[in-house]
Amino acid sequence: TIAEIGALGRLAIYFSIFQAFILNYSLPKLAKSQAKSAILLQARQILLLSIAVITPILLWAIVHPGSLLWILGSNYSNLQPVLFGFLLVSALGQLAAICYQVCAAKAWIQLNRYYVQIAVPIQIGLIYILDLSQLSAVVLFLGVNNSFFLLYNLVMFYHAYRRYSEAPEFK
């Protein structure tokens, strides 16, 4: 139900809090960097720090899901089968957003203009294929959508970084 998705989303909001903290303290330094080795190192550090912050919550969902669901209340104790999957796909979405912010800090978002034209048909196809009245199908929809978002932003970063590092003034 919508209430169950909303309840799981309240747990996933923790990822957003950590994302904001990491980005507010690391992106200004990245935006100022000009050396290609420093840019790659800082981008890698941001992503690894984000993964390090996300991982304990995911492990907690595996080891002791009942305690996370307890936070939501007794009405949501039945969500244990989808808890880890929902948090995992939410974490993928947060990593994708972080990767996008890294690209935006360097103004490397030229390929972003193609994202909607590719993502919307995928989403429409998923809407027709999946029975979104089932919570597991909603988790699958989010998983495909957020995985694509992450992959797209990683490709965008790689493409822009490669073009930046091959620019004549850096040879």
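This is a predicted model: local features need pLDDT of at least 70, side-chain atom pairs count only at pLDDT 80 or more; totals for chains, interfaces and linings use all residues.
Helices here are DSSP runs (H or I, at least four residues), strands are E runs of at least two, and both are numbered from the N terminus. Buried means under 20% relative accessible area, exposed over 50%, and partly exposed in between, with a 1.4 Å probe and protein chains only.

I then listed the contacts of Phe-15 (contact meaning heavy atoms within 4.5 Å). Leaving aside neighbours within four places in sequence, Phe-15 is in contact with Ile-54, Ile-57, Leu-58, Leu-87, Ser-90, Ala-91 and Gln-94.

Before going on, I recorded the conventions: residues are numbered from 1 along each chain as its sequence is written, and side-chain values use heavy atoms, with hydrogens and water left out. Local features need pLDDT of at least 70 and side-chain atom pairs count only at pLDDT 80 or more, whereas totals for chains, interfaces and linings use all residues.

Next I looked along H1, which covers residues 2–32 and reaches 43 Å from its first C-alpha to its last, close to the 45 Å expected at 1.5 Å a residue; the expected span is 1.5 Å times one less than the number of residues. A kink of about 35° lies at Ser-26, shortly before Pro-28, the bend being the angle between axes fitted to the seven residues ending there and the seven starting there. Ser-26 is also among the buried residues of H1, which include Glu-4, Leu-8, Phe-15 and Gln-19. What covers these buried residues includes helices H2 (36–63), H3 (65–72), H4 (80–105) and H6 (135–165).

For aromatic pairs, I used rings of Phe, Tyr and Trp (its six-membered ring) with centres within 6.5 Å, planes under 30 degrees apart counting as stacked, over 60 as edge-to-face and the rest as tilted. The whole structure has 8 such pairs. Trp-108 and Phe-157 form a tilted one, 5.7 Å centre to centre with 50° between the planes. Trp-108 lies in the loop between H4 and H5 and Phe-157 in helix H6, so the pair ties together parts that are 49 residues apart in sequence. Both Trp-108 and Phe-157 are buried. Phe-157 also forms a stacked pair with Tyr-161, at 5.9 Å and 10°, and these two lie in helix H6, 4 residues apart, about one turn of the helix. I also noted one aromatic cluster formed by Tyr-115, Phe-148, Phe-149 and Tyr-152.

In the loop between H4 and H5 I found Ala-107, whose phi is near 60°, a positive value in a residue other than glycine. Most residues other than glycine have a negative phi.

Last, I checked confidence: pLDDT is the predictor's confidence in each residue, from 0 to 100, and the chain averages 87, with 98% of the residues scoring at least 70. Among the elements, H1 has the lowest mean pLDDT (84) and H5 (residues 115–129) the highest (93).
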